[in-house]
Amino acid sequence: MGKSFRLIIAVVVTCVVAAGGLAVTYLATKDRIAEQVRLAEENSLKTVLPDAAEFVDAGSGVLEAAQTAADDVDCSAVYRAVSADGSLVGWGLRVAGRGYGGPIELVLGLDSTGKVTGVTILTMSETPGLGTKVQSEEWFLEQFKQLPEGFDSADMKELDTISGSTKSSRGVRNGVEAGGRIYTDVLSDLAGGE
Amino acid sequence: MDLMLILKAVLTLSALGLITSAVLSTAARRFYVEVDPRVEAVAAILPGSNCGACGNPSCFAVAEGIVEGTLPVNACVAGGQSCADSIAVLMGAEACAVASAVSVRACGGGNKAERAYEYGGVQSCAAVARLAGGSLVCTAGCLGYGDCVEACPFDAIAMDERGLPVIDLDACTGCGICVHNCPRGGVGLLSLVPENAPVAVRCNAHDKIKDRKAACSACCIACKKCERACPADAIHVIDALAVIDYEKCTACGTCVSVCPQNCIDIHGRAASIPPRAGDGYGKNAPGFAVQDQATE
Amino acid sequence: MSTVGQLALLFIGAALINNILLTRFIGLCPFFGVSGNFETSLGMSLAVVFVMTLASTSTWVVWTFLLEPLGVGEFLYIPAFILIIASLVQFVEMYMRKVSPVLYRAMGIYLPLITTNCAVLATATEAAKPGFFKMNIDLGASLGLGEALIYTLGVSAGFGFALISFAALRERLDIAPVPKVMKGNPMAFITAGLLSLAYVGIAGWFGL
Amino acid sequence: MGDWIKTFKQGLSIENPLTVLMIGLCATLAVSTQVQGALFMGLAVIFVLTMSNAIISAFRKLIPNEVRIPIFIVIIASFVTIVDLTMKAFMPGIYQFLGIWIPLIVVNCAILGRAEAFAYHNKVGLAIADGLGMGVGYWIVIVALAFIRELLGTGKIVMFDATLIGLPSGYAPPGLVLLFPGAFFIFGFMIAITRALGERAEKRRKAVTS
């Protein structure tokens, strides 16, 4: 019995040392990781809604309503963009359409009338050089700004996709389209900004 | 809170470690299967990462292969040179003398064999064998495009003017690569025989005698003359093809002289290579001296 | 969510569209090593299907009942999962060698090869914690045990399918007239490239 | 000191994990679409390989033979997780690109294989040399592959948002190079070339010595 006892002790000791080490590293890096994520979110919201001073989470009630409106595209955050004096400037939405390599997380900026003020891509795993053209080709994200207020899937048809990465461009377009639906169903009647 | 997290992490992983190693050690005892210690010794040297880069499923399979002799000492790719040397030392110490073998060709047709069609494609036996079973009427004869010549790592095979590969006994190490590479190696065209086998039947046909004769003039016609004449009862005609039992064969050479088709001849000597003095083939056999050149 | 149609799509998606070997590049080490001859790849694929299902079930159980509730999963999942897979493989190998040597001869010898197989760890982690590998068929926030199993069966079927088709190709390769310097591995890579082109094509059928 | 260098050199050429031993391919082909990503992937492999080799050979007397595989795996997995966490914290961009390939280093056949074959039977110094040698060997091949693929695939090499080298703008990059099949083709040709060069060097060396 002694022999296998020694084996088990050897394994357990290694596990204890490994787990301890990992826990410490995790704690050391935990805040920085959270910080990174928040920072990325922060400045992407700023780029889409430049004139907003502050972003307030719109609360879980609004988020659920938005998720039902977006149905197949999942929406993970809704922010109310307020200017310095507290009046509603617009909305920041985080939606994720499905591209070729996986979900493409977008931050969509809508002003109080529902017009797209800007779109930036938070994370994606498209094929570098092909799928990532949705980000590097400036005209692609800019074209969403020409959409009229309260746009719907019909208006989306005229937007053109990037040759060679139709799936990635369709992923981004689905995300923005879902944002439009969220606005018309949920946010437009909240425009009063209680 | 942080201390709690560290504690929880340490507890979970060590619990997992405890369970897994406990299960393994009890299983190791209950399921113990005795294994040849040499295999275990070799397995201990091998990296044991079972990466499959050498084409074998696992390091243990490689260890078994090396001990059985089916795999070379440097079979392990990942282990590299250091691992190969230590295994060689281990195996060297216990390498028992393996009876060395040589390869033999069971076909005497070559250019004499009838052609089913003119073949102008890739000059390789494997390729022609794929085209309607090969360019010869005979279904078991040597196609003559030299895959064995090319495959032999020891350059022990050379094509002679009859369009047949001849195996040089001194260079041949019996590794069997030519048998593996010949599309008809599996059906007996090329096979490994004991190194000192003196004579060989130069035919591999299994079809009816009538078809054989139409396909090639140098075929065995199963007349059984060799079987009756052989003093040592070492040659028998089994399903219409003469087969030599090399344990009994005393290299007397009677079958060579008796065969009407000259289908049995001296093993390993091409017509073009003159007989070397001091050939060890059955010196006292009456038929040998006379038959030296007659068969070719 | 788990209508039969959904599960079927999950299976086909994992097996063909996102074939783990040829379109996700996971598990290539044995792919080039073992596909040398046909029988070994048959035995290998069987062993992979068997072990991958076992591995994914155990990692799913450990993740949902042990790692997730304690909140330590985020950084412990790599050592925990690989420890489970390694011990599982060693246990199954010992068990099989003792109980049925015949089955061991056919399939068991490939078991150790699966411990270091990236595909098993990748699928086990994906079944336990979907979205981690960003497979482009999104599996939703978390998979029920049934879906995890279907997903793993799909992936291992895809693995086996790719391995066997490649092994058949490679047998033909040995006799193909190939320039000397390309013989062997380089040519195997070019064939694998063509095979993966075909699989990328399959994804096209489904309009993905 | 002599054999330290010998082991190091061995890792680079004769036993180069990728071109010669052909192990650890999974990550190489996937990550080599970007030089920047391949660079850090190589560094991660070097770090994990060297550290785990060092620790394993340091404790080789204590690690019982029967349970050596689980213990090696836990050690390697911990180093991989450390790399995983630090990269997620300090280099989110690159972590985003490398994604799953960091955790998969733990099952990378090269590392477990070398740790087992070499580290467990040798002194720490040699083990580190072997780790570094294999790691750098791996690193060179992966960066070379990435260089070719990124240059051909996108027409320019971008490192930390600075374009280092760009092909003339008229160059229309074929998409295939970046997709998975392209990786197979290019890697196949690369092995052929390295093998041809190796053979020629071998012939020249033999011609000189004989």
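Reply: Let's start with the sheet, then go on to the helix and chain contacts and finish with the confidence.

A bit of bookkeeping comes before that. This is a predicted model, in which local features need pLDDT of at least 70 and side-chain atom pairs count only at pLDDT 80 or more, while totals for chains, interfaces and linings use all residues. Residues are numbered from 1 along each chain as its sequence is written, and chains are lettered from A and ligands numbered from 1 in the order in which they are written.

Now look at chain A, where five strands make an open sheet in the order S1-S2-S3-S4-S5, with antiparallel pairing. (Helices, H or I with at least four residues, and strands, E with at least two, are DSSP runs numbered from the N terminus; two strands pair if DSSP finds at least two bridges between them.) The edges belong to S1 (54-57) and S5 (116-123) of chain A, and each has a single partner strand, so one side of each has no neighbour in the sheet. From one strand to the next, the twist averages 25°.

Let's walk across it. S1(A) and S2(A) are joined by four bridges in the antiparallel sense, and Phe55(A) has Ala81(A) in S2(A) as its bridge partner. The hairpin of S2(A) and S3(A) has five residues between the strands, and Gly86(A) takes a positive phi near 95° in it. Carry on to S3 (residues 88-98) and S4 (residues 103-111) of chain A, which pair antiparallel over nine bridges. Gly92(A) finds its bridge partner in Gly109(A) of S4(A). A handy thing to know while you trace strands: in a regular strand the side chains alternate between the two faces of the sheet.

Helix H2 (residues 59-70) of chain A lies across S1, S2 (74-82) and S3 of chain A, at about 130° to S2(A). (For angles like this, axes are lines fitted to C-alpha atoms, for helices over the stretch in contact, and angles run from 0 to 180 degrees between N-to-C directions.)

Chain A also touches chain B: 14 residues of chain A are in contact with 14 residues of chain B. (Two residues are in contact if their C-beta atoms, placed from the backbone, lie within 7 Å.) On the chain A side, that's 12 nonpolar, two polar and no charged residues. (Ala, Val, Leu, Ile, Met, Phe, Trp, Tyr, Cys and Pro count as nonpolar, Asp, Glu, Lys and Arg as charged, and the others, Gly among them, as polar.)

Now hop over to chains C and D. Their contact takes 33 residues from chain C and 36 residues from chain D. On the chain C side, H2 (28-34), H4, H7 and H9 (185-205) each give two or more residues, and H9(C) has the largest share with nine residues. By class, this side has 24 nonpolar, eight polar and one charged residues.

Zoom in on one helix pair there: H4 (residues 73-99) of chain C packs against H4 (residues 68-90) of chain D at an angle of about 155°, with the axes 8 Å apart. H4(C) and H4(D) are therefore roughly antiparallel. (Under 35 degrees counts as roughly parallel, over 145 as roughly antiparallel, 65 to 115 as roughly perpendicular and the rest as oblique.) Among the residues that meet are Phe75(C) and Ile78(C) in H4(C), and Ile69(D) and Pro70(D) in H4(D). The contact of H4(C) with H4(D) has 13 nonpolar, three polar and no charged residues.

Finally, how confident is the predictor? Chain C averages a pLDDT of 78, with 85% of the residues scoring at least 70. (pLDDT is the predictor's confidence in each residue, from 0 to 100.) Chain B has a mean of 74, and 78% of its residues reach 70 or more. Be careful with residues 268-296 of chain B, where the pLDDT is below 50; beyond near neighbours in sequence, that stretch has 32 contacts in the model.
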